[in-house]
Amino acid sequence: MDETIQKAALILKESRSVAVITGAGVSAESGIPTFRGSEGLWRNFSPEDLATPQAFRRDPLLVWEWYEWRRGIIKNAEPNAAHETLALMENDFTDFLLITQNVDGLHEKAGSSKIKEIHGNIWTARCIQCGQIFRTEEHPLPEKPVKCIRCGGLARPHILWFGESYDPEIIGSVHAFLENTDCLITAGTSGMVHIPVTLGMTARSRGARIIDINPADNEMERISEINLRGKAGEIFPLLREAYLK
Ligand code: OAD
């Protein structure tokens, strides 16, 4: 492992522009369940009932109750060493972008500011009538389903659901950044939702070198040059220490 970390560190030492894509595994050490795998949320809950626009139309209260349960777990969670190291890393390179699939807000809580939350944020709601986006940080929620602060209409979690398209502005800015990225690190993602693989292939076709951090087999391995097998909270601090040396 030491040798592989040194190889990855050498790539980062030579990099001016670095991007990182994180997934649920990065928050696992903060006690937040991932989606897939033996303990994953999608083993016990069905995405069709909870994370689609159809599910919300059918039963907005059920959907909000599920998010309220997750908000309760997240509210008590603290950033781990991976989030903390990533917050420091944004000042180590000329250009840096953290792209996260996570909706828990823990990167922000750890101090990251150069960040794109491509799947939304669990502390934010969006009105399905007027489109207003607003923060909903109270836990427990004072009212379920949540109502729009502007027009009083029904609001939904501001989260990308199955069958929905990525926000073109956000994903456009991510693609633009990846045009000139020297190194892309993917961490804690299964790649089962295809976006990290797609973004990784874009970056690689523009010459970026790809490092993956994950304790288990995953889809990113197919496109990455270096696979660091371990927990994000352990690998990120070791990696940073190695490239700063
Ligand atoms: P998954 O649950 O699909 O994958 C989590 C990955 O994290 C797995 O590959 C694990 O091996 C790895 N992992 C577990 N513990 C880890 C640790 N301590 N350090 C590093 N890696 C670890 O989660 P995502 O790939 O993020 O969508 O899932 C993508 C999307 O699918 C999510 O954003 C969510 C879900 O449906 C939305 O909510 C829109």
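**Close-ups of a predicted model and its ligand**

**View 1. Who sits around the ligand?** Of the 22 residues around the ligand, the ones that come nearest are F35, R36, L160, T189 and S190. Keep in mind that what you're looking at is a predicted model. If you sort the residues of this shell by type, you get ten nonpolar, nine polar and three charged.

View 2. Let's start with the backbone: a polar backbone atom of G25 lies 3.4 Å from a nitrogen atom of the ligand. How much of the ligand does the protein bury? Taken alone, the ligand exposes 800 Å², and the protein buries 90% of that.

**View 3. Stepping back to the whole fold.** Count along the protein and you'll find eleven helices and nine strands. The radius of gyration is 18 Å, close to the 18 Å the globule rule gives for 245 residues, so the protein is as compact as a globular protein of that length. Along the principal axes, its C-alpha atoms fill a box of roughly 55 × 35 × 30 Å.

View 4. Of the protein's 245 residues, 51% count as buried. Now look at who touches whom: among contacts with a separation of 6 or more, 67% come from residues 24 or more positions apart.

Key
Residues are numbered from 1 along each chain as its sequence is written. This is a predicted model: local features need pLDDT of at least 70, side-chain atom pairs count only at pLDDT 80 or more; totals for chains, interfaces and linings use all residues. Side-chain values use heavy atoms; hydrogens and water are left out. A residue is near a molecule or strand if one of its heavy atoms lies within 4 Å of it. A polar contact is a pair of N or O atoms within 3.5 Å; within protein, one must be able to donate a hydrogen and the other to accept it, and residues adjacent in sequence count only if both atoms are side-chain atoms. Accessible areas come from the Shrake-Rupley method with a 1.4 Å probe; for residues, only the protein chains shown count as cover. Ala, Val, Leu, Ile, Met, Phe, Trp, Tyr, Cys and Pro count as nonpolar, Asp, Glu, Lys and Arg as charged, and the others, Gly among them, as polar. Helices (H or I, at least four residues) and strands (E, at least two) are DSSP runs, numbered from the N terminus. The radius of gyration is taken over C-alpha atoms; the globule rule is 2.2 Å times the number of residues to the power 0.38. Buried means under 20% relative accessible area, exposed over 50%, partly exposed in between (1.4 Å probe, protein chains only). Contact means heavy atoms within 4.5 Å.
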